[in-house]
Amino acid sequence: MKKMGSLNKKSILLAMFSIFLTLALVACNSSNAEESQPMDTGLDPDEYFNTAFKEKFPLHYESYLKNMVNEKEVISKSDPTIEPYQPALWSGYGFSLEYNLTRGHTYALEDQIKVKRINDNSIGSCITCKATVVPLLLSEEEFGDEFWGANFRGEILPRVKELAEGGESEELGELGHISIGCSDCHDPVTMDLRVTRPSFTKAMERSGVDLTKATQNDMRSYVCGQCHVEYYFEPEKKEVTFPWDKGLRVEDMYEYYETIAIDQGFDADWTHQISGTPSLKSQHPEFELSSYGTHGNAGVSCSDCHMPYQRVDGKKKISSHRWGSPLKTVEESCRSCHADKSATYLKDRVEDIQDRHVEALLEAQELNTISHYYVNRMITAGVPEAKIKEAQQHVRKAQWFWDIIAAENSKGFHNPNASIDSFRTSSIESQAAIVIATEELVKLGEDIDVLKQQIETTMQNIVNEADHFEKHKHAINEWFPAQNK
């Protein structure tokens with residue numbers, strides 16, 4: 001009986017354990033089932049007001065509001081302390097009129113409307129990555145494919161202002177409620193990451209990448225890559241197009257412009273006013289450069305560094321939605337992986353790379369500026385056309401190889417090796433143009449010392465002009481007349 005009683009106790013205990021385990025598994029499965037349920041925010045699937053997400057996601061929204069605070073003073077990038085020869089390097093193009101250090105994403109639309117390089121001939125493509133209403137404007141109910149080439153001020157902007165009515169918020173300023181924000185990267189209902197700009201999808205398809213198979217980690221870069229890229233307006237519809245068919249490297253994209261783009265009928269963004277060179281204006285290729293830099297090769301996404309997880313509200317961790325330099329969040333952005341290094345060491349390391357980058361950039365820009373003036377003198381002195389075109393081709397290539405890196409917003413950190421290589425190529429090309437020009441001008445009896453003095457005086461006049469909006473006027477003069485008439 002005693003033995004039977006012992007067995008009964010064991011049976012009872014085993015049964016209780018089984019029931020407990022079953023209940024635990026049921027509870028666990030129930031919990032997993034709840035987590036796997038897709039989110040339903042209750043928002044409209046076409047919601048585009050950033051303010052609509054405030055109530056649903058107050059912590060993320062509070063983080064987003066930090067984009068209203070500038071990391072740095074917003075001044076012209078042609079300031080003598082930054083890139084003093086920009087008005088000459090982009091002479092005859094809108095960027096020579098106004099090009100400033102950037103403000104936060106919440107100001108993107110407002111700044112695009114007000115900047116002087118937007119004029120009466122600007123088109124819809126110029127706003128592609130500035131406002132949450134763009135996917136709607138691209139729909140068949142709105143402009144459809146006519147969006148790209150529609151007049152910015154006459155057609156697009158009035159409709160944008162109509163769509164902006166009703167979602168305003170004092171804390172987001174004039175147009176922050178429809179500036180780059182929530183719905184650009186998230187499905188408003190499920191909050192899944194998504195790509196909303198068709199130019200990115202088309203470029204990836206041409207490169208053989210199936211976006212439907214993208215991982216969550218891929219998407220944490222793709223949502224940024226739909227805008228932080230190099231692009232041009234293809235000639236037929238003026239659609240924003242990424243030059244990625246030959247690859248994402250600096251030299252790949254240049255090769256694209258020299259072949260595929262020219263075959264399409266696109267050979268230049270503008271004709272340079274000083275040298276008469278058909279020139280390319282690079283945009284902001286953060287996605288491309290980082291993709292084959294050290295961190296990109298290691299699988300680090302844009303969001304890992306620029307939207308690090310932060311503990312807020314005293315307990316909860318969220319992905320920061322303040323977009324800016326990771327140097328402002330070194331502990332979360334850098335030391336989550338580089339925990340064996342101090343924050344000071346990591347910051348110094350980054351700044352060392354950036355200092356070296358800036359030094360090489362300024363040297364390449366100065367040399368390219370000088371080469372433009374040499375070619376100008378070739379034209380006015382009557383050098384044979386074939387030699388002028390040969391020199392212009394070098395100047396064009398030199399311009400591309402410094403500009404594509406200058407336009408990239410990490411000061412070389414996303415890909416230090418590619419940046420330095422690019423500057424070296426630029427300098428070699430500028431030197432080649434100067435050598436050709438010198439040889440031809442000497443044949444015509446030109447005094448090269450006088451030419452050098454005139455170039456130096458002209459460049460100094462640009463630097464010395466205190467009014468940034470007047471600097472571009474000093475890029476040409478009687479000695480160096482405009483060549484894009």
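Buried here means under 20% relative accessible area, exposed means over 50%, and partly exposed is anything in between, using a 1.4 Å probe and protein chains only. Everything below comes from a predicted model, where local features need pLDDT of at least 70, side-chain atom pairs count only at pLDDT 80 or more, and totals for chains, interfaces and linings use all residues. Residues are numbered from 1 along each chain as its sequence is written, and side-chain values use heavy atoms, with hydrogens and water left out.

**View 1. The whole chain, before zooming in.**
The protein chain has 19 helices and six strands; helices (H or I, at least four residues) and strands (E, at least two) are DSSP runs, numbered from the N terminus. Along the principal axes, the C-alpha atoms fill a box of roughly 125 × 50 × 40 Å. Of the 485 residues, 47% are buried. Take the contacts (heavy atoms within 4.5 Å) between residues at least 6 apart in sequence: 70% of them join residues at least 24 apart.

**View 2. Lys411 and the run into helix H18.**
Lys411 sits in the loop between H17 and H18. Its phi is near 50 degrees, a positive value in a residue other than glycine. Lys411 counts as partly exposed because its relative accessible area is 47%. Then comes H18 itself, residues 416–443: its 28 residues reach 41 Å from first C-alpha to last, close to the 40 Å expected at 1.5 Å a residue. That expected span is 1.5 Å times one less than the number of residues in the helix. After H18 comes Gly445, with a positive phi near 85 degrees.

**View 3. Met191, another positive phi.**
Met191 isn't a glycine either, yet its phi is positive at about 65 degrees. Look for Met191 in the loop between helix H7 (182–185) and helix H8 (198–206). With a relative accessible area of 17%, Met191 is buried.

**View 4. The largest nonpolar core, and one apart from it.**
A nonpolar core is a set of buried Ala, Val, Leu, Ile, Met, Phe, Trp, Tyr and Cys residues joined through side-chain atoms within 4.5 Å. The largest one holds 91 residues, and those with the most contacts inside it are Phe147, Ile178, Trp244, Tyr373 and Trp400. Helix H17 (residues 385–406) supplies the largest share of this core, nine residues. Apart from it there's another core, of eight residues, including Tyr61, Tyr64, Leu65 and Met68. Back at Phe147, and skipping residues up to four places away in sequence, the residues it touches include Gly124, Ile127, Val134, Leu137 and Ile156.

**View 5. Helices H2 and H10 and what covers them.**
In H2 (residues 58–65), the buried residues are Leu59, Tyr61, Ser63, Tyr64 and Leu65. Strand E5 (309–312) and strand E6 (316–319) are among the elements covering them. Over in H10 (residues 250–258), Val250, Asp252, Met253, Tyr254, Tyr256 and Tyr257 are buried. Their cover includes strands E1 (232–233) and E2 (240–241), along with helices H11 (260–264), H12 (286–291), H17 and H18.

Glu332 lies in helix H15 (residues 330–333) and is partly exposed, with a relative accessible area of 30%. Leaving aside neighbours within four places in sequence, Glu332 contacts Pro308, Tyr309 and Gln310. Lys341 is in the loop between H15 and helix H16 (343–381); at 28% relative accessibility, Lys341 is partly exposed too. Thr294, in helix H13 (residues 294–297), counts as exposed because its relative accessibility is 60%. The C-alpha atoms of Thr294 and Asn415 are separated by 6.8 Å, though the two residues are 121 apart along the chain.
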